[in-house]
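Subject: Structure for your review

Dear colleague,

Please find below the structure that I am handing over to you.

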Amino acid sequence: MRDENCLFCKIIAGDIPSAKVYEDEDVFAFRDINPQAPVHVLVVPKEHVCCAACVTEENSRVVAKCFEAIAKIGKAEGLESGYRVINNCGEDGGQSVMHLHFHLIGGRKLGEKII
Ligand code: AMP
Ligand code: ZN
């Protein structure tokens with residue numbers, strides 16, 4: 001279900017342009033506008049789920065679909081030697097867009113520390 005005020009729902013609907021890298025029935029993925037590495041893709045469920053803390057038994061299927069997409073995108077982007085998947089959740093987690101999304105970051109050797 002779409003949230004009319006949500007930036008990523010608007011991107012998924014095509015109302016705001018994006019550099020799309022992948023789409024299927026449940027998942028949309030596009031390049032981050034402010035990339036932190038040579039490859040920085042945002043993988044989002046088409047269903048509006050606000051954040052990781054909003055995942056439930058009823059909607060968790062779309063999380064699995066996001067990770068299936070991440071594996072495909074990682075291969076398509078040539079990230080055979082690995083990558084990092086990040087989810088920011090809520091205010092303390094640094095989440096700025098309240099539509100669940102996974103940052104797929106790679107294309108260079110990343111720092112060993114998580115934060
Ligand atoms: P987060 O801080 O985890 O909520 O991540 C939100 C991400 O969305 C940031 O990395 C932004 O650079 C990215 N972002 C914001 N607006 C756009 C946009 N219009 N197209 C692509 N990425 C965007
Ligand atoms: Zn949304």
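The notes below begin with the ligand and then turn to individual residues.

Please bear in mind throughout that this is a predicted model.

The surroundings of ligand 1

Ligand 1 sits in the largest pocket. Its shell is made up of 16 residues, and the closest of them are Asp32, Asn88, Ser96, His101 and His103. Sorted by class, this shell holds seven nonpolar, seven polar and two charged residues.

Which elements supply at least two residues of the shell around ligand 1? They are α1, which spans residues 7-13, and β2, which spans residues 27-31. The largest share comes from α1, with three residues.

In the side chain of His103, an N or O atom is 2.8 Å from an oxygen atom of the ligand. For His101, a polar side-chain atom lies 2.9 Å from an oxygen atom of ligand 1. Val97 takes part through its backbone instead: one of its backbone N or O atoms is 3.1 Å from a ligand oxygen atom. As for cover, ligand 1 has 500 Å² of accessible area on its own, and the protein covers 81% of that area.

The histidines

His101 belongs to the loop between α3 (90-93) and β5 (102-106). Is His101 buried or exposed? His101 is buried, because its relative accessible area is 4%, and the cut-off for buried is under 20%.

His40 is located in strand β3, which covers residues 39-45. With a relative accessible area of 4%, His40 also counts as buried. What joins the side chains of His40 and His103? The two side chains are joined by a polar contact of 2.8 Å.

Arg2 is found in the segment before α1. Its relative accessible area is 37%, so Arg2 is partly exposed. Ala13 lies in helix α1, and its relative accessible area of 42% makes Ala13 partly exposed. Arg2 and Ala13 are eleven residues apart in sequence, while their C-alpha atoms are 8.9 Å apart in space.

Val49 has its place in the loop between β3 and α2. Val49 is buried, because its relative accessible area is 3%. How many residues separate Arg2 and Val49 along the chain? They are 47 residues apart, and their C-alpha atoms are separated by 9.3 Å. Val49 and Gly74, by contrast, are 25 residues apart in sequence and 23 Å apart in space, C-alpha to C-alpha.

Ala71

Ala71 lies in helix α2, which runs over residues 61-76. Ala71 counts as partly exposed, because its relative accessibility is 30%. From Ala71 to Gln36 there are 35 residues in sequence and 19 Å in space, C-alpha to C-alpha.

Yours sincerely,
A colleague

How values were computed: Residues numbered from 1 in each chain as written. Chains lettered and ligands numbered in written order. Predicted model: local features only at pLDDT ≥ 70, side-chain atom pairs only at ≥ 80, totals over all residues. Heavy atoms only, no water. Helix = DSSP H or I, 4+ residues; strand = E, 2+ residues; numbered from the N terminus. Buried < 20%, exposed > 50% of the residue type's maximum accessible area, 1.4 Å probe, protein only. Near = heavy atom within 4 Å. Polar contact = N/O pair within 3.5 Å; in protein donor to acceptor, adjacent residues only side chain to side chain. Areas by Shrake-Rupley, 256 points an atom, 1.4 Å probe, with all protein chains shown as cover. 1 Å grid on protein atoms, 1.4 Å probe; cavity = no way out; pocket = protein on both sides within 12 Å on 5 of 7 lines; lining within 4 Å. Sits in = over half its atoms within 2 Å of the grid points. Nonpolar A, V, L, I, M, F, W, Y, C, P; charged D, E, K, R; others polar.
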